[in-house]
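This report describes the fold, the packing and selected local features of one chain. The sequence and coordinates are shown first.

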Amino acid sequence: MSVIGPPRNLRPRYNIAPTTTIDVVRSGDPTRIELHHHDVDGRGPPTFDWPITAGYCRAIAEAFGVPLYFSWRDGGLRREMLRDSEPTASVMFETPEGGVTTVGGRGVLGTLCGFRR
């Protein structure tokens with residue numbers, strides 16, 4: 001399977017299902033291609049994302065022979081929707097060196113309370 005070739009599917013998309021094939025890189029150096037997935041559940045119990053998503057992402061990265069990096073917000077989308085007088089949580093992301101970097105989480109206080117406890 002090759003990740004380099006002519007574009008085939010470049011229609012604008014707002015939501016891409018795991019089974020949808022879509023070109024995001026049309027040509028270039030394949031060593032510069034990376035996959036990124038933002039874990040909306042924040043590494044917590046499945047709430048908004050399918051439980052198979054992380055494994056699926058790993059399988060795709062392995063099949064294409066490209067590196068995969070995950071990012072997630074502390075507490076995920078659920079924490080964000082329930083926050084009460086708290087700043088938006090920090091975001092963690094994996095680095096090519098194998099570490100995890102954390103940014104943010106020190107902003108202005110806000111309340112969403114999108115879900116009632």
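In which loop does Ser85 lie? Ser85 is found in the loop between helix H2 (76-82) and strand E3 (91-94).

## Basis of the description

The model is predicted, with local features requiring pLDDT of at least 70, side-chain atom pairs counting only at pLDDT 80 or more, and totals for chains, interfaces and linings using all residues. Residues are numbered from 1 along each chain as its sequence is written, and side-chain values use heavy atoms, with hydrogens and water left out.

Helices (H or I, at least four residues) and strands (E, at least two) are DSSP runs, numbered from the N terminus. Two strands pair if DSSP finds at least two bridges between them.

## The sheet

Four strands form an open sheet in the order E1-E2-E3-E4, with mixed pairing. Its edges are strand E1 (35-39) and strand E4 (100-103), each of which pairs on one side only. On average, neighbouring strands of this sheet are turned by 20° against each other, direction ignored; axes are lines fitted to C-alpha atoms, for helices over the stretch in contact, and angles run from 0 to 180 degrees between N-to-C directions.

Five bridges link E1 to strand E2 (residues 68-73) in the parallel sense, and His37 stands opposite Phe70 in E2. E2 and E3 run antiparallel and are joined by three bridges; Arg73 has Val91 in E3 as its bridge partner. E3 and E4 are also antiparallel, with four bridges between them, and Met92 stands opposite Thr102 in E4. The hairpin of E3 and E4 has five residues between the strands, and Gly98 in this hairpin takes a positive phi near 95°.

Helix H1 (residues 53-64) lies across E1 and E2, and runs at about 155° to E2. The largest nonpolar core has eight residues: Ile33, Cys57, Ala61, Val66, Leu68, Phe70, Trp72 and Met92. H1 and E2 each supply at least two residues of this core, and E2 gives the most, with three. Such a core is a set of buried Ala, Val, Leu, Ile, Met, Phe, Trp, Tyr and Cys residues joined through side-chain atoms within 4.5 Å. Buried means under 20% relative accessible area, exposed over 50%, and partly exposed in between (1.4 Å probe, protein chains only).

Beyond its neighbours within four places in sequence, Phe70 is in contact with His37, Arg43, Ala54, Cys57, Arg58, Met92, Phe93 and Glu94, where contact means heavy atoms within 4.5 Å. Arg58 lies in helix H1 and, with the same exclusion of neighbours within four places, is in contact with Leu68 and Phe70. Arg58 is partly exposed because its relative accessible area is 47%. The C-alpha atoms of Arg58 and His37 are separated by 9.9 Å, although the two are 21 residues apart along the chain.

Arg43 is placed in the loop between E1 and H1 and lies over the face of Trp72, at 3.7 Å from the ring centre. A charge sits over a ring if NZ of Lys or CZ of Arg is within 6 Å of the ring centre and within 35 degrees of the ring normal.

Most residues other than glycine have a negative phi. Arg43, however, has a positive phi near 65°, and Ser85 has a positive phi of about 60°. Arg43 counts as partly exposed because its relative accessibility is 45%; Ser85 counts as partly exposed because its value is 47%.
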